[in-house]
Amino acid sequence: MKDLITVGLDGTLQSLSAALWAAREAELRTARLRLLHAWILLAREPAGVPPEEAERNDWPHRITEEAQTAVASSHPDLPVDVSLVRGDPLDALAEAAEQSDLLVLGSRGLGAAARFTLGEIGLELVTRTAVPTVLVRAQQDTPARIGSGNVTVGVSLHAACDGLLAFAFETASRRAVALRAVHGRHLSAYAYNRGGGVDRTAAEESAQIARAELAAALRPWRAKFPDVDVDEQVILESPAPALLHGTANAELLIVGRRHSGRLLPPRIGHVVQAAVHHAPCPVAIVPHD
C-alpha cells in the first residue's frame, strides 16, 4: 500500500467532483491525496520567474487552487499534495498511477441521457494502468453521502478474481455498507424448448448451479470480512444489463478488467464498456490477473 490517491484535474466540473470523491476516499483510507494537473506547455517556474512566464501558468494554478480550496472546505485535516506537471497528460497520469493505490478521473455526462463518455486519455489510462481507476461524473449525479447506499460488484466466475473481490469487500467494509455481488449468466441452450420458450425447470437448475458457484467464490471473503453484509444475486441474462439493474442506489459500481501485462493489446470488455457508459454512479475499474 502506497497510501496515496491521485486525482487528475482538467478544470471541468467533473474533475472537481472527482477531487471531492477522491478526498472522501482518502479520508476513509487515512491516505494522502494528490491533485495533479499536466500540461505540455506548462512554463518552468524557477525562483524569480518573469511575470510573462508566470502568466502562462495562470490557468493551471487556478485549476489546482480551486480543487484544493474545495477539498479543504470539506476535508480540512486531509493531507493534500499539489502537482503541476510539464508534459503529456496521459504519460503524467500513467506515471502517477504507478505511485498510487487509486487513480480518480472526472467523466463527462452526455446531455439528458446522463451517460458516461470516456475521452481518449481516460480510455487509454484505463487499459494501461495496473491500479484501480475510478470514474466520477459531476457532483449532482453522485450519491449525496457515504453510507447512503451499497457497493455493487460484478462477478464473472469464469476465472479467479481475488483482486476484484478484495477491492470490493475492502470498499464495502470501509464505507460500512452492504456489498451487492451480482453474477449475470446466459441460459444454457438446453434451457430452451423447441418452440424457443424457456423451460422453467432447466432455468432453475441453471440458476442453482450459478448460485452455488457464486457462493463458493464469495465464501472465503465473507469469512475474512464478517462485518460486511453480502447480497448475492444471480440474474439469468446477459452480464452487462444484469449488472446495471439496481445500481441507482449504489455508492460505487465495481467491475473487473483482465490485466494481461504487455503481451496482448490492451482492451476493455463489453461489461466494462456498459458500466462506464450507463451506470448512474461512480465506476471503479479494477485490473486483476
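## About the model

Residues are numbered from 1 along each chain as its sequence is written. The model is predicted, so local features need pLDDT of at least 70 and side-chain atom pairs count only at pLDDT 80 or more, while totals for chains, interfaces and linings use all residues; side-chain values use heavy atoms, without hydrogens and water.

## Helix 6

Let's start with residues 162-175, the 14 residues of helix 6 (helices are DSSP runs of H or I, at least four residues; strands are runs of E, at least two). At 1.5 Å a residue they should span 20 Å, and the end C-alpha atoms agree, being 20 Å apart. Buried residues (under 20% relative accessible area, 1.4 Å probe, protein chains only) include L164, F167 and R175. After the helix comes A176, with a positive phi near 60 degrees.

## Meeting helix 1

Helix 1 (residues 13-29) packs against helix 6 at about 85 degrees, with the axes 10 Å apart. The two are therefore roughly perpendicular (65 to 115 degrees). In this contact (heavy atoms within 4.5 Å), W21, E25, L28 and R29 of helix 1 meet F167, R174 and R175 of helix 6.

Your open sheet has 10 strands in the order 3-2-1-4-5-10-9-6-7-8, with mixed pairing (at least two DSSP bridges per pair). Strand 3 (80-86) and strand 8 (230-235) stand at the edges with a single partner strand each, so one side of each has no neighbour in the sheet.

Strand 7 (residues 179-184) pairs with strand 8 in the parallel sense over 6 bridges; H183 has V234 as its bridge partner.

Note on methods: Expected span 1.5 Å × (residues − 1). Buried < 20%, exposed > 50% of the residue type's maximum accessible area, 1.4 Å probe, protein only. Axes fitted to C-alpha atoms, helices over the stretch in contact; angles between N-to-C directions. Parallel < 35°, antiparallel > 145°, perpendicular 65-115°, else oblique.
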